[in-house]
Every structure is written in C-alpha cells, then in structure tokens.
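Thanks for coming. I will take a few minutes to go through one structure, and you can follow along on the screen.

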Amino acid sequence: MWETVAQAVINGLLIGGIYALVSIGVTLIFGVVKIVNFAQGEFVMIGMYISFFLANQFGVDPLVSLVVTMPVLFVIGVLVQHFLIRRVLGPNDMPQIFLTFALSLLLLNLALMLFSANYRTVHTSYSDEAFHLGGLYIPVAKLIAFVVAMILSGALWVFLHTTDLGKAMRAAAQNRDVATLMGINPNRVFCVALGIALALAGAAGSLLMPFYSAYPFVGQVFVLMAFVAVVLGTLGNVIGALVASLMMGIAESLGIQYIGADSGLIVVFAMLLLTLAFKPTGLGGKAR
Amino acid sequence: MGLIRTRNALWIAAGAVVLIALPLVVTSSFAISIFIRILLFAFIGVAWNLMGGYAKQLSLGHAAYFGLGAYTSTILQIDFGISPWIGMIAGGVVAMLASLPIGWLCFRLRGPYFTIATIATAQALMLIFLKFRDFAWGAEGTTIPNLGNAPLMMQFEAKAAYYYVALGLLAVGLVITWLIERSWMGYYLVAIGEDEDAAEAIGVNAPKIKRDIYMISSFLTALAGTFYTQYIYFIDPATAFSFNISIEAALVSIVGGIGTLWGPVIGTVLLETTSTLLQSWLGNSIAGVQLTVYSLILMAVILWRPTGLMGMMREAWQRYVSRKPARA
C-alpha cells in the first residue's frame with residue numbers, strides 16, 4: 001500500500017522538477033517585467049524540437065544538447081523582449097496579454113505547418129533504465145532531468161542573490177522607477193530576465209526529450225501547469241513557484257494513480273480553483 | 001446632431017436591406033455558408049466585446065458558455081423533445097447562472113491571471129463533459145436527429161433560413177451593445193476598463209457591474225452555441241468547448257476595434273475573408289495555416305494599431321473631413 005503511494009509521489013516529484021523549470025521562467029518574467037508570457041510552453045516545445053533534430057541528424061544526446069538549447073533560447077528571449085515585448089510595456093493589459101498570446105499561437109501553428117502533428121521521440125541508452133530501490137522504481141532519465149532541473153533552479157537563486165546583475169533584476173522587480181534612478185537600465189535587465197526564463201524553458205525541453213514526445217501542442221501541457229503553479233506559489237516568487245511545481249507534480253501523479261489515467265488535468269484545475277477560492281494570493285501571502 | 005443621427009439611421013437601414021436581400025441575390029450554398037460563419041462569429045465577438053472590450057475583462061474562456069448553450073438545448077431536445085428555440089433561451093439562462101460562480105472565482109484575479117483563470121474554467125468544463133458520459137454522450141458526442149424542414153425545431157431545408165437566424169442574433173447583439181453603450185452602465189464599463197481602482201474610488205460598484213456584464217455576455221454566447229449545434233447537426237465536447245471559439249471571440253474584437261460597437265463585425269469580416277481566401281488558395285492540405293495568419297494579423301494590430309480597424313477608419317475619416325467627428 002505505502003509503496004504505491006511512495007511510487008506515485010516519486011513519479012510526481014520527478015516530473016515536478018520539469019514543471020518547476022517552466023514555472024520559474026513564467027514567474028521570473030512576471031516578477032521582473034510584469035507581464036505573463038503565454039508563449040512559455042512553446043519555448044519548451046522549441047527546445048524539444050532542437051534536441052530532437054540534434055539527436056536525429058547528428059546523434060547528439062539530448063542531455064548534451066542542453067549546451068545548444070539554452071544559449072539559443074537565451075538569445076531568442078533577448079530578441080523577443082527587445083523587438084516585441086518592449087513595445088507594449090505600459091499600463092494597458094490588452095496588448096501585453098495578446099502579444100505573447102499571439103506569439104504562442106504563431107509558434108504553435110508554425111510548428112504544426114513545418115513538422116506536422118506527429119509525435120517525435122528520441123531513444124537513448126538510458127531511456128528504459130531504472131533504479132530499483134526497495135520496491136520502488138526510479139527511471140534514470142527522469143531522475144537526471146530532476147537533478148539537472150534542481151541544479152539550474154539553485155544556480156538561478158545564487159545568481160539572483162549574489163551577482164550585481166541578479167541584484168539589479170530583483171531591484172527592478174521590486175520597484176522599477178527607483179531601480180532606474182539607481183542607474184539600472186530596465187530594458188537590459190528585462191532582456192536578461194526573458195533570456196534566462198526562455199533558457200530554462202529550453203532546458204526543460206532538452207531534459208524531457210529522453211522520456212517524452214515532442215509535438216506542436218506539447219507546450220500547452222506544461223504552460224497550464226506552470227500558470228497554476230505560479231498562482232499557487234504567489235505571483236513573481238521564484239521559491240514559491242518551485243515548491244508549488246513539485247506539489248503539483250505530486251498531486252497530478254496521485255490523481256492519476258487514484259482517480260484515473262486522464263484525470264491529471266482535473267486535479268490541476270481543481271487545485272487552481274481551490275487556490276482562487278480560498279487563497280487567491282497564493283501560498284506565499286500577498287500578491288497584488 | 002439631428003442630421004447626423006438621421007444619416008446614421010439611413011446607413012443602417014440601407015445596410016439592413018442589403019443584408020436581408022443578400023441570400024436572394026447570392027444563392028451559392030458555399031457563399032451562404034461563409035456569410036453564416038461571418039454572422040455567427042461576429043455575434044460571438046459582439047458578446048465577448050461587451051465584457052472584454054468595454055470593461056477590458058479579457059476572457060479567453062467564452063467557449064464555456066458556447067458549450068453550455070449547445071449542450072443545454074441539445075439535451076432538452078434529444079431527451080425531452082423540447083424545441084431548440086426554447087432550449088436556446090434555457091441554454092442562455094444556464095450560461096448566465098454558470099457565469100456567477102465562474103466569475104466569483106475568476107474576478108479574484110486581475111489582468112493576465114484573470115485571462116488564465118477563464119481558460120482553465122472552460123477547459124475544466126470540457127473535461128467534465130468528456131468524462132461524465134451519463135448525461136452527455138461523452139467524447140463521441142451525438143448527432144442531432146434530422147427532422148427535415150422543421151422550423152419549429154430550428155431545422156431548415158434552405159440554408160438561407162440559417163442565415164436569417166444568424167443575422168437576427170447579430171442584430172440582437174448589436175442592439176443590446178448599442179443600448180448598453182449609451183446607458184450609465186456603458187460609462188461604468190469603460191471606467192472599469194480604463195482603471196478599475198479609480199472607478200471604484202469614484203463610487204462605481206465594480207464587482208457588481210462586472211458580474212452583470214459577464215452574465216449578459218455569457219447569455220449571448222450561449223445562444224450562439226445552440227445555433228451552431230443546430231446548424232451542423234452535431235455536438236461533442238471538443239467542438240462545443242473548443243478553445244478556438246474563445247480565441248476567435250477575442251481576436252475578431254481586437255482586430256476590428258476593441259470596445260467599439262462595430263469592431264467585432266469588421267474584425268470578423270476581415271479574418272473570415274482572409275481565412276476563406278487562404279483555404280481556396282492552399283486548400284485544406286496544411287494544418288495550422290489559418291491560425292498562423294490570424295496570429296500574425298493580431299500581432300501586427302497590437303504592435304502598430306492597438307485601436308484596430310475601427311481606429312484606422314476613424315483616423316482616415318478624421319483626415320478626410322478635417323473636423324472633429326460628431327461621435328464622442
């Protein structure tokens with residue numbers, strides 16, 4: 001009995017690490033630039049396709065392709081901020097919401113046109129490997145993904161708290177006007193925030209590839225999770241998003257185990273609705 | 001002022017005559033089906049625009065009400081033999097009631113997170129209808145029994161009849177918008193859309209106004225759901241709660257001119273015409289072309305003309321007459 005529960009918790013925790021990479025990106029952009037990036041899931045998709053093609057054409061291991069996807073997505077993030085998002089920053093919600101929403105639609109449908117709706121998978125030597133620990137089963141690919149995700153999240157935390165640029169980002173998140181007076185260039189900080197957030201999404205894509213299929217709509221699964229996790233973990237709070245993502249992974253996995261295979265999303269929505277009903281500011285307290 | 005109003009009334013009367021005569025002149029069934037699509041999506045856009053446009057509550061979950069309207073009338077028709085004309089109103093009422101708890105939850109968030117919450121509620125409703133087969137046929141959906149020409153059951157042999165029903169719906173939506181736009185409620189909605197905190201500070205009861213406009217908007221969207229199901233003789237959760245409905249409702253309004261009476265109509269004409277041309281040019285062979293083009297148009301509008309086509313036309317008109325337009 002306890003083994004089924006423990007197994008479900010482990011499965012959830014491992015995938016929760018991937019959710020965390022996506023949610024941390026969403027919450028970082030929200031905290032610093034004050035917009036919600038509806039296209040975050042599509043950048044996970046792009047990361048997956050890059051890893052897929054590198055594996056397929058050149059036999060590059062998806063984990064090795066991290067060193068390609070992360071810089072590529074970082075550059076895309078800087079470009080998206082500089083040429084698109086910068087132009088709609090202001091008091092008006094509509095352009096901000098629908099610009100990134102349009103970007104999401106565009107990337108998704110371009111992928112559909114270019115790559116068709118087929119599922120693409122990469123088979124690695126460790127895709128089917130697993131540790132057996134007591135009665136528990138721990139797939140190697142998912143464990144690696146989880147560990148790398150935690151390392152990246154920790155590195156981000158260290159970056160935000162110890163480097164000048166990281167401190168500048170936190171300052172801009174707290175008060176953009178005062179930060180500007182202190183000599184912080186907001187557009188530069190925003191570009192870095194977008195770059196880091198998208199690099200994390202790209203990393204999520206590469207880490208997923210050994211055990212998950214790439215297809216044009218794949219980002220939607222992750223972005224929905226990320227949005228819920230970001231509300232649950234208090235908007236703009238990196239640690240909150242991390243903890244909430246892991247919780248959501250576990251809740252989803254328990255839902256699949258005890259309610260039914262297709263009920264993962266129902267659990268997620270239920271969590272969102274319960275959060276909104278009882279603690280709309282998230283677990284971390286005050287939002288806005 | 002009086003002269004301008006008479007001239008506007010003349011324009012509208014002329015437009016109405018053209019629209020009523022259209023199916024008599026253009027009899028191609030392909031053309032009429034495109035007109036029906038335009039009227040239907042313009043109507044959904046008008047319903048969305050009441051809340052999304054005037055009050056800037058940017059919902060991407062209006063498929064929830066489209067689906068509830070579609071399912072209510074279909075269940076009433078198949079299980080109880082009740083005419084979809086009555087079912088349509090019943091669906092509207094169901095949607096209106098559903099908007100109360102949904103709004104209660106979603107309005108706790110503002111801006112983008114309101115939008116996300118509305119997406120989630122529509123998706124959740126779709127999952128419910130997929131999962132519970134006992135009362136709604138599950139994922140396979142069901143076909144509507146074909147009764148031949150049965151106007152009392154909202155079934156017609158002539159495609160033109162559907163055209164007139166859709167035209168009637170759009171007219172109702174436009175009249176309601178027009179009445180709201182010039183009432184105290186219209187001003188409250190715009191005030192909330194501009195700055196909700198400031199509106200509340202000067203005594204606008206924002207939660208109540210938002211709740212009321214959400215109810216009206218949901219009611220109208222549900223009517224479209226019933227009509228669409230009767231028109232295509234089929235219902236399943238994926239069509240009735242399709243995310244594309246939510247997207248198109250917002251898209252036509254933004255492209256046409258958010259928060260304007262005619263914006264959703266012009267937006268639909270542009271987007272649907274583009275989509276028809278693309279399809280006749282490329283065929284249906286490549287998936288994703290239509291939404292790729294829609295998203296490019298949406299991005300272009302947001303980056304260069306956030307007031308949409310209505311704004312562009314108004315500026316052009318202003319340059320043309322070189323005096324302030326009479327409309328406030």
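Predicted model: local features only at pLDDT ≥ 70, side-chain atom pairs only at ≥ 80, totals over all residues.

Take L21(A) as an example. What is L21(A) in contact with, leaving aside its neighbours within four places in sequence? The contacts are A149(A), L152(A), L200(A), A201(A), A203(A) and A204(A).

Next, the two chains. On chain A, 27 residues are in contact with 30 residues of chain B. Three helices of chain A, α4 (93-115), α9 (218-232) and α11 (264-278), each supply at least two residues of the side that touches chain B. Of the elements on that side, α4(A) gives the most, with 13 residues. By class, the side of chain A that touches chain B has 24 nonpolar residues, one polar and two charged.

Last, two backbone angles. K34(A) is not a glycine, yet has a positive phi of about 65°. You will find K34(A) in the loop between α1 (2-33) and α2 (40-58) of chain A. Is K34(A) buried or partly exposed? K34(A) counts as partly exposed because 18 other C-beta atoms lie within 10 Å, and a buried residue needs 20 or more.

In chain B, Y233(B) also is a residue other than glycine with a positive phi, near 60°. Y233(B) sits in the loop between α10 (206-232) and β2 (234-235) of chain B. Y233(B) has 12 other C-beta atoms within 10 Å, so Y233(B) is exposed.

Conventions: Residues numbered from 1 in each chain as written. Chains lettered and ligands numbered in written order. Contact = placed C-beta atoms within 7 Å. Helix = DSSP H or I, 4+ residues; strand = E, 2+ residues; numbered from the N terminus. Nonpolar A, V, L, I, M, F, W, Y, C, P; charged D, E, K, R; others polar.
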